[in-house]
Amino acid sequence: MKNIEQTTARPESAQSREESSASARSQPSRIARAWAQLDVGSLTVVFGLVVIAVVFQIANHNFLSPLNLANLMVQISAVGAISVGVVLVLLIGEIDLSVGAVSGFCASVMAVLSIKAHQPALVAVGVGVLIGAAIGLLQGFWFVKLHVPAFIVTLAGSLGWFGAQLYVLGSTGTLNMTDPLIVGIANARLPVILGWLLGIIFVGVNAYAVLLERRQRVRSGLPVQPLGIALGQVAIVGAGVFLAIGIMNVDRSPAGFAPVRGVPSAVLIFIAFIVLFDFITRRTRFGRYVFAVGGNAEAARRAGINVNQIRMIVFVLASTLAACGGILAGSRLLAVNQSSGSGDVLLNAIAAAVIGGTSLFGGRGSTWSALLGALVIGSISNGMDLLALSSSIKFMVTGAVLLLAVTLDAYARSRREASGRS
Amino acid sequence: MAQQDRAPILQMRHVSKRFGAVQALSDVDFEVYPGEVVGLVGDNGAGKSTLVKIISGVYRADSGQHIFEGREVSVTNPRDATALGIETVYQDLALCDNLDVVANLYLGREQVQPAVPGLVRTLDEVGMERRASRIVGELHIRIPSIRSKVATLSGGQRQSVAVSRAVMWNSKVVLLDEPTAALGVEQTRQVKDLIRRLRERGLGIVVISHNLADVFDVSDRIIVLRLGRRAATLDTHTTNPEQVVSAITGAEFGASESGKDQALQA
C-alpha cells in the first residue's frame, strides 16, 4: 500500500507547490510570528522581578551586592530543586502535596545514617535519594494502579512521611552535619576558572544547537526566524549567563576577610537539574509524552502512549527531586531537624513553579519556570529580611505576587488564543 | 459488485461487548473490503462507536475475533491496530490541544534522531515538520501555521488534522466516526473527496454517520446496527434512504433483516 504522498505527488505537484507558496505569502511575516510567540506571561514575571530588584535596591543598597545575590541564589536552590519536580507533576496535570514532607524525611534519613550510623557520605546521600525514588514509586502505584486521586495519595503522604521523619529523628533535637562531603554539597565553591569554563560550554552548546537547527530548517525548506533574531537570542542568553557567573566569581567577602569567590555548588546542582529536565521534556520522546498526557490523556492513550507508565515515572522523579532538595537544604543549613521540609517549603515549591509560568491544569510549562518563580519568591523573602520586615508582610506580599502572576498569565493566554484564531 | 470476488481486508466475527448491565454489542459480524467505503449507521446507542473502538483496540471485546487480511489477529490496544494498518479518527478527534499540528500528526510515532550516538535520541523536529508540511499541502488543508497549537484551530481545521493523521501512516483500513458532523459545506466536500481518493488507493474505509445524505453520497455498502445487533446490510446503489431508516428504527421492510445478507456473502 503506497504512502499517500508518493502517489499524489506527481499529478498534483505543480498545483500544490503553487498553493503552498500562496499560503506562505498569506502567512504573517516571520518577525510578526516570532513576536506573537513570545511568552508574554513569563516576560511579565521577569519584568516584575526587575521591579522587585529596583525597589529593594533603593530601600537597601546591599540588595544587589554580589554577596547578597550569591546568598539569594544559594537560598533558593533547595526549594528550587523541589520545584523542578513539581513542574514535572504539573505538566501531566496532577499535583504532589508530599514534596515538602519527602524532602524532610529523606534529609533526616541521610542525617541519621551519616551522624548516628557513621556511614560515609556516599551511602548516606545515596540511600536518602533512593528512599525518595521508592516513595515516588509507592505513591505513583497508589495513584495509577489503585486509582486513588493523586491529591489524596500525596496529601496522605505529606502527613505520613512527616511522621516517619519524626520517628527516624527520634528524641534528638537537631542533627548537625559534620561530614565534609555532605557539607560540601551546598557550600563548596567552584574554582573561578571552572565557573567561566562551564559558562562558555553552556553558551557554546546553546549557540550551536540554535544555529544547527536553523541550518537544518533552511536546508529542508522550512520557515526560519531572521538570522538577526536567532543571534540576538543567543547573545541575550550569553549575556545573562556570563553576568550571573561574573557576579558569583567576584570576591564577595566583606572587606578585611579572606576572599570568597566562585559559583556555589548548590547553584550549580540546581541549574543542572533545570537544564537536564528541560532537555528531557523538550527534546525527547518521553518529554513529548509528558506534555501529551497533560494535554489530553485519553488522546495520548489512543495514540498508543503508555499513560500509566508516564505517570509513574513522573511521580518517581518528583519525589526523587524532593529528596535531592531536602539533602541540599540539610547541607546548606548544616543541620537537619524536625522542622526540615515543613512550613512553607511545599507551598513555595508549588508557587514557584506556577509563578514562573507552569500551568496548574497541565500540558504547559517549562523547568525554567522553577528558576524564575524561585527567584521571585526568594527575592521577596531575601529583600524583606534585609529590611527587617516581619514575616506577616512577607507572606502577604508573596501571596499577592502569586495571584498576580497567575492572573496575568491567564489573561495573556486568552489573548494569545483569541488572536491565534483570527 | 467486484467485492464479492475479493476477500475482506478486515473481518470481525461474533463480537460481543457488555458494559455493566448494558449489552452494547451482541454477536455482531462486520467486514470491509479493500477499495470500498462502508457506511455504518444506526440510532444512538446502537453500538456503532463501541464496534469502532473494538476494531481500533481501544476496547477489548468480551468475545469475538479480529480477522485481518485473512489471518486471525490479536488487537488488545491501539498500537496493535495501527501496527496492522488500521487507523481511526474518533468523534472527539483525540487531539492534544496544548501541542502543535506537527506533534499531533506524529503523536505516539515521533521520529527520533541519535543526538549523542548510542546514548540519547532526540526528537527529529525538522524531519517531522518537513513531512507534516508536505502532507498538509497535498491534502489542501488551510491552517495558519504547522506550528500552531491545535487549540487555536477551528473545528474544521482540527478535523482535517485528525484525518491527515489517519492517512499518513500506510493505513489499510481507515475508520471515521462522524467525520462531517462539525464541518461546513466546503470542508464536508473536501472530506468526502478525500474519502473517495482513499478508496481509489485500495483502502477499506468505514464511515459512521448520522447524515444519510453523506452516507449515500460516498458509500458502497451500508451496514445497519440496531440495539447492539447487525440489523441489515444494504447495497447503496440498490437501496434508498427510506429502507435504511426502516432498518435503523426496526420497521419491517423488503431486504434481509437480522444476521448476514446472503447476496453479499463471499
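**Notes on a predicted two-chain model**

1. For chain A, the share of contacts with a separation of 6 or more that comes from residues 24 or more positions apart is 77%.

2. On secondary structure, chain B has eight helices and twelve strands. Its radius of gyration is 19 Å, close to the 18 Å that the globule rule gives for 266 residues, so chain B is as compact as a globular protein of that length. Along the principal axes, the C-alpha atoms of chain B fill a box of roughly 65 × 40 × 40 Å. Of the 266 residues in chain B, 50% are buried.

3. Chain A has 17 helices and two strands. Its 422 residues include a buried share of 42%.

4. How is chain B divided into domains? The domain assignment gives domain 1 in two segments, 2-85 and 171-264, and domain 2 as residues 97-169. Taken over C-alpha atoms, the centres of domain 1 and domain 2 of chain B are separated by 28 Å. Twelve residues from domain 1 of chain B and nine residues from domain 2 of chain B make the contact. On the domain 1 side, helix α6 (residues 185-200) of chain B gives the largest share, with five residues. By class, that side of domain 1 of chain B holds seven nonpolar and five polar residues, with no charged ones.

5. Next comes the interface of the two chains, where 41 residues of chain B are in contact with 39 residues of chain A. Which elements of chain B each supply at least two residues of the side that touches chain A? They are α2 (78-84), β8 (120-123) and α4 (125-138) of chain B. The largest share, eight residues, comes from α4(B). Sorted by class, the side of chain B that touches chain A has 17 nonpolar, 14 polar and ten charged residues.

6. Within chain A, one helix pair is worth a look. The axes of helix α12 (residues 285-295) and helix α14 (residues 307-333) of chain A come within 10 Å and cross at roughly 105 degrees. That angle falls in the 65 to 115 range, so α12(A) is roughly perpendicular to α14(A). From α12(A), the contact uses Y289(A), V290(A) and V293(A), while α14(A) brings V307(A), I310(A), R311(A) and V314(A). The residues of this contact between α12(A) and α14(A) comprise six nonpolar and one charged, with no polar ones.

7. Most residues other than glycine have a negative phi. A388(A) is not a glycine, yet has a positive phi of about 55 degrees. A388(A) sits in the loop between α16 (368-386) and α17 (391-421) of chain A. Is A388(A) buried or exposed? A388(A) has 7 C-beta neighbours inside 10 Å and therefore counts as exposed.

8. The other case is L227(B), also not a glycine, with a positive phi of about 50 degrees. L227(B) is placed in the loop between β11 (221-226) and β12 (229-235) of chain B. Because L227(B) has 15 C-beta neighbours inside 10 Å, it counts as partly exposed.

9. V174(B) is part of strand β9 (residues 173-177) of chain B. With 25 C-beta neighbours inside 10 Å, V174(B) counts as buried. Which residues does V174(B) contact, leaving aside its neighbours within four places in sequence? The list is E87(B), A166(B), V167(B), L198(B), L203(B) and I205(B).

10. Finally, R230(B) lies in strand β12 of chain B. R230(B) counts as buried, because 25 C-beta neighbours fall inside 10 Å. R230(B) and V116(B) are 114 residues apart in sequence, and 55 Å separate their C-alpha atoms.

Key
Residues numbered from 1 in each chain as written. Chains lettered and ligands numbered in written order. Predicted model: local features only at pLDDT ≥ 70, side-chain atom pairs only at ≥ 80, totals over all residues. Helix = DSSP H or I, 4+ residues; strand = E, 2+ residues; numbered from the N terminus. Rg over C-alpha atoms; globule rule 2.2 N^0.38 Å. Buried ≥ 20, exposed ≤ 12 C-beta atoms within 10 Å, placed from the backbone. Domains from an automatic or database assignment. Contact = placed C-beta atoms within 7 Å. Nonpolar A, V, L, I, M, F, W, Y, C, P; charged D, E, K, R; others polar. Axes fitted to C-alpha atoms, helices over the stretch in contact; angles between N-to-C directions. Parallel < 35°, antiparallel > 145°, perpendicular 65-115°, else oblique.
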